[in-house]
Amino acid sequence: MVKKYPWWKALTDYSLALIMVVLFIPLFVTLVILTSIDTGFPGIFTQKRVGREGKLFVIYKFQTYHSQTSRKSNFGRWMRKTKLDELPQLFNILKGEMSFVGPRPDIPGYYNMLKGDERLVLRLKPGLTSEAGIKYRNESEILGSQPDPLKYNDEVLFPDKVKMNLEYYHQLSFKTDILILLKTFSIIFIRKKSY
């Protein structure tokens with residue numbers, strides 16, 4: 001169980017994020033330019049999300065919607081499918097606001113409203129990926145197919161994500177994180193091969 005934030009998790013997050021930022025600088029610059037041209041300057045989307053202990057932080061993503069029309073661009077769709085729009089969250093990890101593995105950061109009104117043992121989830125830093133994130137990686141499509149998306153999210157999808165994130169909390173280990181990361185990379189790789 002997570003009482004104090006695990007040193008190995010913080011060390012792994014910071015080291016891996018720093019290496020990836022350095023390696024991906026050319027990719028970052030390219031995507032910032034392309035996204036700015038496609039959706040409008042500066043090409044970076046920011047939004048307040050619920051972090052560890054319920055504290056709000058500003059998440060970074062590449063913008064996938066046109067700033068003038070609020071419509072998703074074709075380039076933005078590709079970015080979301082390949083998960084490249086999430087790359088700026090490496091800076092959230094370097095700032096200590098996020099982890100590679102943990103509950104996906106949600107907008108205020110959900111995780112910060114948890115009660116009882118469910119609030120144990122808030123002892124974790126939000127992550128780039130998780131078992132729940134993998135299961136619901138097509139969340140927008142799932143919700144879009146429901147007659148009442150908000151009701152489905154509140155009664156089915158969100159409670160299931162909380163349950164899965166609680167299981168992760170109780171089973172937290174270096175091995176668990178590695179397995180989730182490998183599972184995530186394999187899914188992304190398979191997706192990219194299909195494009």
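Modeller: Helices (H or I, at least four residues) and strands (E, at least two) are DSSP runs, numbered from the N terminus. This is a predicted model, in which local features need pLDDT of at least 70 and side-chain atom pairs count only at pLDDT 80 or more, while totals for chains, interfaces and linings use all residues. Residues are numbered from 1 along each chain as its sequence is written, and side-chain values use heavy atoms, with hydrogens and water left out.

Colleague: Fine. How many helices and strands does the chain have?

Modeller: The chain has eight helices and four strands. Their pattern along the sequence is α-α-β-β-α-α-β-β-α-α-α-α.

Colleague: And why is the chain described as being as compact as a globular protein of that length?

Modeller: The radius of gyration of the chain is 17 Å, close to the 16 Å that the globule rule gives for 195 residues, so the chain is as compact as a globular protein of that length. The radius is taken over C-alpha atoms, and the rule is 2.2 Å times the number of residues to the power 0.38. Along the principal axes, the C-alpha atoms fill a box of roughly 45 × 45 × 35 Å.

Colleague: What share of the residues is buried?

Modeller: Of the 195 residues in the chain, 41% are buried. Buried means under 20% relative accessible area, exposed over 50%, and partly exposed in between (1.4 Å probe, protein chains only).

Colleague: What share of the contacts comes from residues 24 or more positions apart?

Modeller: Such pairs account for 70% of the contacts in the chain with a separation of 6 or more. Contact here means heavy atoms within 4.5 Å.

Colleague: Let us take Leu-87. Where does Leu-87 lie, and what does Leu-87 touch?

Modeller: Leu-87 lies in the loop between H3 and H4, and with 11% relative accessibility it counts as buried. Not counting residues up to four places away in sequence, Leu-87 touches Phe-24, Leu-27, Phe-28, Leu-31 and Phe-62.

Colleague: And Leu-90, with what is it in contact?

Modeller: Leaving aside neighbours within four places in sequence, Leu-90 is in contact with Ala-17, Met-20, Val-21, Phe-24, Phe-28, Phe-100 and Leu-128.

Colleague: What about Leu-181? Which helix holds it?

Modeller: Leu-181 is in helix H8 and is buried, with a relative accessible area of 14%. Beyond residues up to four places away in sequence, Leu-181 touches Phe-100, Val-101 and Thr-129. The C-alpha atoms of Leu-181 and Thr-129 are separated by 7.4 Å, although these residues are 52 apart along the chain.

Colleague: Thr-35 has a polar side chain, I see. Is Thr-35 buried or exposed?

Modeller: Thr-35 counts as buried, because its relative accessibility is 0%. Thr-35 is found in helix H2.

Colleague: Now the backbone. What is phi for Glu-53 and for Lys-83?

Modeller: Most residues other than glycine have a negative phi. Glu-53, however, has a positive phi of about 60 degrees, and phi of Lys-83 is near 70 degrees, also positive. Glu-53 lies in the loop between E1 and E2, and Lys-83 in the loop between H3 and H4. Glu-53 is partly exposed, with a relative accessible area of 45%; Lys-83 is partly exposed too, at 30%.

Colleague: Last topic, the charges. How many positive and negative side chains are there?

Modeller: There are 30 positive and 18 negative side chains, and the centres of the two sets lie 4 Å apart. Lys and Arg count as positive and Asp and Glu as negative, with His and the chain ends not counted. The place of a charge is taken as NZ of Lys, CZ of Arg, CG of Asp or CD of Glu.
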